[in-house]
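Let's take a walk through a protein model together. Have the sequence and the structure side by side, and pick out each residue as we come to it.

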Amino acid sequence: MLKLKCTGLFLTWALLNSANAIELPSPKDPIILTVEGNVSIANRGDHAAFDLSMLKALGAITVDTNTPWTDGVIRFKAVPLLKVLAATGASGTSVIAHALNDYKSIVPMSVLDKGHAYLAFEMNETLMTRRDKGPLWLIFPWSDHPEYLTPQMKIHAVWQLNKLRVQ
């Protein structure tokens, strides 16, 4: 059984009822996300690499929300970002979200600790491509949480996301 512990400045992942070490499998398909920096669970040297099936295995959910950049309610398939951070044993005070075009946003862990950040890989039942904000888009449930519609929060909604650096 896995337990996710989240407090203001750190995030840890622990196995309960088991003395086995935590291991992250190796990607078998193209890598769409790298998590580096303050991670204690890696599968590629000092960082963690994920293919799409690995991300889905963390627990994909559906998030229906409007976005400031699209029309109408969009149905996203996504993985909670906290699950990705937990799978890598991440700890720190912020995460730098990197896009394919070198755009970066420093997201405070205090924002992520609320559990309302998701890595979307599907939009309206279609895998997201580079032409359409993919392979991943860091989204928030804007319809349910209008507090994420501020200019400061919008800069954290990184599309074409391919790397997270935990610091």
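Ala60 is partly exposed, because its relative accessible area is 30%, and the label has a clear range: buried means under 20% relative accessible area, exposed means over 50%, and partly exposed lies in between (1.4 Å probe, protein chains only). You will find Ala60 in the loop between α1 (52-57) and β5. Helices (H or I, at least four residues) and strands (E, at least two) are DSSP runs, numbered from the N terminus. Leaving out residues up to four places away in sequence, Ala60 touches Ala78, Val79 and Phe121, where contact means heavy atoms within 4.5 Å.

Before going on, a word about what you are looking at. This is a predicted model, in which local features need pLDDT of at least 70 and side-chain atom pairs count only at pLDDT 80 or more, while totals for chains, interfaces and linings use all residues. Residues are numbered from 1 along each chain as its sequence is written, and side-chain values use heavy atoms, with hydrogens and water left out. The pLDDT is the predictor's confidence in each residue, from 0 to 100. For this protein the average is 88, and 87% of the residues score at least 70. Over residues 1-20, however, the pLDDT is below 50, although this stretch has 40 contacts in the model beyond near neighbours in sequence. Where pLDDT is low, the predicted coordinates should not be read in detail.

Now for the whole protein. It has four helices and 12 strands, and 46% of its 167 residues count as buried. Among contacts with a separation of 6 or more, 59% are between residues 24 or more positions apart. The accessible surface comes to about 8,500 Å², with 51% of it belonging to carbon and sulfur atoms; such areas come from the Shrake-Rupley method with a 1.4 Å probe, and for residues only the protein chains shown count as cover.

Which residues touch the most other members of the largest nonpolar core? They are Leu33 and Phe50, in a core of 48 residues. A nonpolar core is a set of buried Ala, Val, Leu, Ile, Met, Phe, Trp, Tyr and Cys residues joined through side-chain atoms within 4.5 Å. Beyond its neighbours within four places in sequence, Phe50 has contacts that include Leu24, Leu33, Leu58 and Val84.

Thr34, in strand β3 (residues 31-37), counts as buried because its relative accessibility is 18%. Its contacts outside four places in sequence are His47, Ala48, Asn162, Lys163 and Leu164. Thr62, in strand β5, is partly exposed at 40%. Thr62 touches Arg75, Phe76 and Lys77, again not counting residues up to four places away.

Next, look for the aromatic rings. The structure holds eight aromatic pairs; rings of Phe, Tyr and Trp (its six-membered ring) pair if their centres lie within 6.5 Å, and planes under 30 degrees apart count as stacked, over 60 as edge-to-face and the rest as tilted. Trp69 and Trp159 are edge-to-face, because their ring centres are 5.4 Å apart and their planes stand at 80°. Trp69 lies in the loop between β5 (61-65) and β6 (74-80) and Trp159 in strand β12 (residues 159-166), so this pair ties together parts 90 residues apart in sequence.

Finally, some backbone details. A cis peptide bond with omega of about 10° joins Gly134 and Pro135. Asp102 is not a glycine, yet its phi is positive, at about 75°. Asp102 sits in the loop between β7 (94-99) and β8 (104-108) and counts as exposed, at 64% relative accessibility. Gln160, in strand β12, also has a positive phi, near 55°, but Gln160 is buried at 17%.
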